[in-house]
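Here is a model to talk through together.

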Amino acid sequence: MAANEEIIRDYPSLKILGYIKTMPNGDKIAYNFQKRILGYYRVKYDHTTDFSGRIVSKGNTVASFIYQNK
């Protein structure tokens, strides 16, 4: 099974802010509009980390990286 990529847009302008890629195991990776990695969500540990691996929250909050990077 391939990874699923979701496009995150700013409304009403429809400008692409970033992407969230969901891996087959449920892990998620947040990217900015230039496809640079912003952060990760690891299902196994149920926490979100920034691009350098520092834990920033419990649970899935990867979308917040895209909106912070706006």
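Q: Where does P12 lie?
A: This is a predicted model, and in it P12 sits in the loop between β1 and β2.

Q: What makes the peptide bond from Y11 to P12 cis?
A: Its omega is near 10°. Most peptide bonds are trans.

Q: Why is Y11 called exposed?
A: Y11 has a relative accessible area of 61%. Exposed means over 50%, so Y11, at 61%, gets that label. Its place is in the loop between β1 and β2.

Q: And why is L14 called partly exposed?
A: The relative accessibility of L14 is 44%. Buried needs under 20% and exposed needs over 50%, so 44% puts L14 in between.

Q: What is noted about the phi of L14?
A: L14 has a positive phi, about 65°, although it is not a glycine. Most residues other than glycine have a negative phi. L14 is in the turn of the hairpin that β1 and β2 form, with four residues between the two strands.

Q: How do you know that β1 and β2 pair?
A: Pairing takes at least two bridges, and β1 and strand β2 (residues 15-22) have seven, in the antiparallel sense. For examples, E5 stands opposite K21 in β2, and the bridge partner of N4 in β2 is T22.

Q: What makes β1 and β6 the edges of the sheet?
A: The open sheet has six strands in the order β1-β2-β3-β4-β5-β6, paired antiparallel. β1 (4-10) and β6 (55-58) each have a single partner strand, so one side of each is left without a neighbour in the sheet. From one strand to the next, the twist averages 20°.

Q: How do you know that K35 lies over the face of Y19?
A: K35 is at 4.1 Å from the ring centre of Y19. The distance cut-off is within 6 Å, so 4.1 Å passes that part of the test. The rule also asks for an angle within 35 degrees of the ring normal, and K35 is listed as lying over the face.

Q: What else is there to say about K35?
A: K35 has a positive phi, near 70°, and is a residue other than glycine. Its place is the loop between β3 (28-32) and β4 (37-42). At 40% relative accessibility, K35 counts as partly exposed.

Notes. Residues numbered from 1 in each chain as written. Predicted model: local features only at pLDDT ≥ 70, side-chain atom pairs only at ≥ 80, totals over all residues. Heavy atoms only, no water. Axes fitted to C-alpha atoms, helices over the stretch in contact; angles between N-to-C directions. Buried < 20%, exposed > 50% of the residue type's maximum accessible area, 1.4 Å probe, protein only.
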